[in-house]
Amino acid sequence: MKLSDRLFGLIVAIGALAYAAGALEIQTSFMSDPVGSKTFPLIIAAVTLICGVVMMIKPDDDPEWPVASTFGALLICTIVLIAYAYMLKPGGFLLPTALASGILSYQISGKIKQSVITGLSLSVGLFTLFKFVLGLSLFGLPRWLMG
Amino acid sequence: MEIINNLYLGFSVALSPYTLMLAIIGCFIGTIVGALPGLGPSNGVAILIPITFTMGLDATASLVLLTAVYYGAMYGGRISSILLNIPGDEPAMMTTLDGYPMAKNGRAGDALVISGFASFVGALLATLALAIVAPSLARVAYVFGPAEYFALYLLAFCTLGGVASKNQAKAALASCVGLGIAMIGVDHTTGMTRYTGGNLHLMDGIDFLVAIVGLFAVSEVFFFIESHGKNSSLGVTLGKVTIPWSDIFHTRWTMLRSSIVGFIAGVLPGAGASLGSFLTYMMEKSIAGNREEFGTGVAKGVAAPEAGNNAAAGGALVPMLTLGVPGSGTTAVLLAVLMTLNITPGPTLFADRPDVVWGLIASLIIANFVLLFMNVPMVKVFVRILQVPPAMLLPGVTMVSFVGIYSLSGSYFDLLLMTLFGVLGYIFRKLDIPTVPVILGILLGANMENNLRRAMVLSDGDWTFLFSSGIAISLWVAAVLGFVAPFFFRRIMKKPKIAENA
């Protein structure tokens, strides 16, 4: 089976068509040049389309995809990182960092004790490094706690 | 002698105590990053860029720091190749072939010293060659107009896709993804927005640093979760480290030859350090009389790829500094550094900012001596760092990346994008789609389009203008050849199989 490449090629081809459609929607202004702002995106879309079709016609062998439980772990990891992105500003540095790095550590090693230690020490250690050694402006705790 | 004067200027910039300290710190961090499996020069430099800027270093200081990290990572890559049989980064792959067997034979210390010395020879010769070649190439670059630049960018994408990957369609796709992303934001010729979907965060386009850190560093975390951090325990013990003088003397011609070949491989756009180490290893193997012994732990098999890849690292700086076209993934990251510092690489850089260019070259020479010292007598320190479990290390790397990017813009949106690029990087690498062309596309996309449009303005829309000069035509021919030739050479130049999780 060479499904991965065929499927991805299809996605790429559809993406390329969408990109081309997007290029045609670009608004032009009175200031323009012979090439205009649509041509280059259209060239990119055309080349991408060819690549997608080639991937469908001549796929490589499937890679070794991880098992379902690993996919779960990867999904959790992604969600944690997204949550971390949203939390970093309102939540201060220390708490979200300890949580996020602890969970990531647990996903890699599966050892609870080690993960807790990792989370706590990374959170405090990195905060010290960034705030006091490198002088970045970070807030350790949520601002509503600091008053 | 012009070059002596220039180097004098460079050393007067680089030898201030502060810059010297930065070079030492950079070498130290770089060697650690290079030694850690999975983290190579691109990741190391990428993670440190945002932090360097928020520290408020000036252009020369940040360049010195980051190039020291770059060279350090090139040196450090061999440590995990030799001790773990896992290349610390892609160019160090060939070092595993003889380095690990040598370590298993109880000569781990010797392998580290020989390869460290070979790295020093390769990197030093390449830096000197850079000082000689770059200014003359910069003079040639003055005659480049928009048509030539457009062809040159095309050449970079074609050779990167042709030589450096296994599947042309996938490499071309990666370039297109990068170029497509570069189109997002305000079109500076017309002032209209493209592909922003009305999202204000996208008006300025996607910052290439976000993409680089996401693709290189965050995606690494996903790989470690998949493997559960296995395969990273020390397989061999390191005894007392002594200097095997006879081996070093024995491999002197190997180091010299490999440095020259490596440098040339580095200068070619798109080829870079991986090709350098591959070519030099193959060359030494075919020259040597005792061909079967390669792969069982011979000194030449360790010295050749290390001299080769470090020389290539120096060589790759030539097209990056003179033309603004990076020759490898890491120089693409260094180009990102320059662009963020508002320094435009190219021929004018040599005329306008000699302090930057020559300060950089001088600090590279200094970095080499620092690195020789760190990598031979102090190598045990770095071996100890390898014993940090990945379950502590990788979350740390991720958090540093997040804070770095956050400190650049202070916006959660960039962090979201970075996570997205991490997922994309994981999928791409799973499907064997190279990620370096994506970066190159994002970096060069706007320039490539601008040069095309400028060329068409000059010629009033006549497409044949793109092929109107000798330089442009030869670049086009080279681009087509670079993309097509690997179809025929692939069978001959089969890469040898390396251990899993490479």
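Which residues have the most contacts inside the largest nonpolar core? In this predicted model, local features need pLDDT of at least 70 and side-chain atom pairs count only at pLDDT 80 or more, while totals for chains, interfaces and linings use all residues. Residues are numbered from 1 along each chain as its sequence is written, and chains are lettered from A, with ligands numbered from 1, in the order in which they are written.

**View 1. The largest nonpolar core and the residues with the most contacts inside it.** Ala151(B), Ile212(B), Val213(B) and Ile439(B) have the most contacts inside this core, which has 218 residues. A nonpolar core is here a set of buried Ala, Val, Leu, Ile, Met, Phe, Trp, Tyr and Cys residues joined through C-beta atoms within 7 Å; a residue is buried if 20 or more other C-beta atoms, placed from the backbone, lie within 10 Å of its own. Helix H5 (residues 93-141) of chain B supplies the largest share of the core, 25 residues, and at least three residues come from each of domain 1 (3-57) and domain 2 (68-146) of chain A.

**View 2. The surroundings of Ile212(B).** When neighbours within four places in sequence are left aside, Ile212(B) is in contact (C-beta atoms, placed from the backbone, within 7 Å) with Ala46(B), Val333(B), Ala336(B) and Ile439(B).

**View 3. The contact between chain A and chain B.** Chain A brings 56 residues to this contact and chain B brings 55 residues. Helices H1 (3-25), H2 (39-57), H3 (68-91), H4 (94-109) and H5 (112-133) of chain A each supply at least two residues of the side that touches chain B, and H3(A) gives the most, with 12 residues. That side of chain A has 32 nonpolar, 20 polar and 4 charged residues, where Ala, Val, Leu, Ile, Met, Phe, Trp, Tyr, Cys and Pro count as nonpolar, Asp, Glu, Lys and Arg as charged, and the others, Gly among them, as polar.

**View 4. The helices and domains of chain A.** Chain A has 6 helices and 0 strands, helices being DSSP runs of H or I of at least four residues and strands runs of E of at least two, numbered from the N terminus. Its radius of gyration, taken over C-alpha atoms, is 23 Å, well over the 15 Å that the globule rule gives for 147 residues, so chain A is more spread out than a compact globule; that rule is 2.2 Å times the number of residues to the power 0.38. The C-alpha centres of domain 1 and domain 2 of chain A, whose bounds come from an automatic or database domain assignment, lie 38 Å apart.

Technical notes:
Two residues are in contact if their C-beta atoms, placed from the backbone, lie within 7 Å. A residue is buried if 20 or more other C-beta atoms lie within 10 Å of its own, exposed if 12 or fewer, and partly exposed in between; C-beta atoms are placed from the backbone.
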